[in-house]
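Trainee: Could we go through this model together? I'd like to begin with the strands and then move on to the packing.

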Amino acid sequence: MNKDKGLLKQIAEGISDMCYIWWIEMKNTFKDEGMLLFFIVVPLGYPLLYSWIYNNEVVREVPVAIVDASHSKQSREFINKVDASPDTRVAYYCNNIDEAKSLVGMQKVHGVLYFPSDFEKDIGRGVQTHVDVYCDMSLMLTYKSIYQTSQAVALDMNSDIQKPKSGSITIRDEEINTQPLAVDRIQMFNSTGGYGNALLPAVLILILQQTLLLGIGLSAGTARENNRYKDLVPISKHYNGIFRIVLGKSMCYMMIYCVMAAYITLCVPRFFHYSSLVHATDLLGLMIPYLLSAIFFGMTLSCLVRYRENVLLLVVFTSVPFLFLSGISWPQSNIPQFWKLVGDLIPSTFGIRGFLKISSMGATLHDIEPEYHALWIQTLVYFFTACLVYRYQIISARKHAIAHLERIKQKLES
């Protein structure tokens with residue numbers, strides 16, 4: 001009976017301590033302008049800015065320059081079809097390639113089409129000819145528009161050139177001879193073929209993690225600068241007290257980011273009409289382990305933050321590498337094994353992959369079991385590493401407080 005009462009008393013004390021830590025952290029969060037900025041303002045505003053930038057999805061009427069050394073009917077037909085495409089626009093006609101290069105340098109055009117002087121003669125002789133396409137590779141979307149348009153026009157003209165030479169009797173015979181295999185291009189999942197639909201889900205999930213790292217790191221830097229960990233020493237007399245501290249602080253972050261996650265993953269895509277096949281239950285199942293793993297990951301990394309400013313350098317530096325390691329911007333098959341292992345240590349890697357499948361492909365929790373299980377494993381691992389980090393910090397704070405009291409005592413005695 002006494003054991004049961006003692007156990008109930010310990011549980012009550014643990015809950016009371018967790019609530020106390022939660023209240024202290026929540027109060028510090030809303031008092032600190034920096035934490036408010038990273039926990040509230042940035043998650044609310046940054047996704048809107050990023051989504052607005054890529055809201056057009058694809059670029060249209062990309063200006064190109066033409067260098068036509070052929071001056072033939074075939075080259076003019078090619079140019080007219082390129083100009084008629086919704087993706088490209090013939091902006092300049094140049095006398096030579098150097099003049100076209102200068103236009104690219106001044107960013108008046110983003111590509112050049114060069115027709116050699118023997119363009120039509122080679123077609124008439126039945127010899128393979130070519131059109132040179134030069135693109136500004138610094139802009140991926142403009143390069144895609146120019147290259148794909150040129151390729152589509154070339155394929156269309158190839159069919160027209162082959163038909164009179166095919167010896168076919170009917171129009172249907174000509175179609176079969178010039179295009180024996182009909183291909184219909186249907187874009188799965190990303191129906192618009194846009195950059196925003198492809199990249200936005202990854203960026204939204206990364207924003208959740210990076211703002212969490214910023215806020216938690218800022219809190220840790222502030223506590224270390226003010227030696228605020230000494231306030232937690234009375235609660236951490238036993239090792240179990242560390243669990244209460246970590247759980248209490250994580251409760252504060254989880255409460256804030258449940259709201260932020262719902263806004264970012266459900267509201268932002270609808271504001272800008274991006275594709276979203278999310279089901280609430282599947283999203284909830286993914287977000288719980290993702291947010292927990294990101295919170296404990298941030299609490300673990302907080303040991304690297306000695307000053308408030310340090311966290312800005314750490315998080316800004318890692319944002320782009322974290323996005324690449326997720327396998328969204330760069331194919332996973334081309335990532336070296338070492339960097340794959342590094343990516344497996346980061347919650348956003350599995351969070352991005354899981355959310356992309358749920359949002360763009362309509363997957364369920366059963367379909368994303370590898371990512372789901374990996375996030376729960378990270379949650380457990382980073383919870384214990386966070387406990388070790390906070391235990392070390394509190395022990396250091398206790399030693400610092402004792403040393404400070406000893407110095408005061410020695411001064412009084414002297």
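**Strands and cores**

Mentor: Bearing in mind that this is a predicted model, start in the sheet, where isoleucine 66 stands opposite leucine 113 in E3.

Trainee: How many bridges pair E1 and E3, and in which sense?

Mentor: Strand E3, residues 111–115, pairs with E1 over four bridges in the parallel sense, and within that pairing alanine 65 is set opposite valine 112.

Trainee: And what about E1 and E2, how many bridges join them?

Mentor: There are six bridges between E1 and strand E2, residues 88–94, and these two strands also run parallel; proline 63, for instance, has arginine 89 of E2 as its bridge partner.

Trainee: What is the strand order in the open sheet?

Mentor: The order is E2-E1-E3-E4, in an open sheet of four strands with mixed pairing. E2 and E4 (132–135) stand at the edges with a single partner strand each, so one side of each has no neighbour in the sheet. Neighbouring strands are turned by 25° against each other on average, if direction is ignored.

Trainee: Which helices lie on it, then?

Mentor: H3 lies across E1, E2 and E3 and runs at about 135° to E2, while helix H4, residues 97–105, packs on the sheet with contacts to E1, E2, E3 and E4, its direction making about 130° with that of E2.

Trainee: Back to E1: are its residues buried or exposed?

Mentor: Seven of the seven residues of E1 (62–68) are buried, so the strand is largely enclosed by the rest of the structure. Val62, Val64, Ile66 and Asp68 point one way, Pro63, Ala65 and Val67 point the other way, and all are buried. In a regular strand, side chains alternate between the two faces of the sheet.

Trainee: Changing topic, which residues touch the most other members in the largest nonpolar core?

Mentor: Those are Leu208, Leu212, Val246 and Met299, in a core of 69 residues. Several helices give two or more residues to this core, including H1 (2–31), H8 (195–226), H9 (240–271) and H14 (369–413), and H8 gives the most, with 14 residues.

Trainee: What is methionine 299 in contact with, close sequence neighbours aside?

Mentor: Leaving out neighbours within four places in sequence, methionine 299 is in contact with Ile216, Val246, Lys249, Ser250, Tyr253, Ala386, Val389 and Tyr390. There is also a second, separate core of 14 residues, with Ile79, Val90, Phe119 and Val153 among them.

Notes. Residues numbered from 1 in each chain as written. Predicted model: local features only at pLDDT ≥ 70, side-chain atom pairs only at ≥ 80, totals over all residues. Heavy atoms only, no water. Core = buried A, V, L, I, M, F, W, Y, C linked by side-chain atoms within 4.5 Å. Buried < 20%, exposed > 50% of the residue type's maximum accessible area, 1.4 Å probe, protein only. Contact = heavy atoms within 4.5 Å. Pairing = 2+ DSSP bridges. Axes fitted to C-alpha atoms, helices over the stretch in contact; angles between N-to-C directions.
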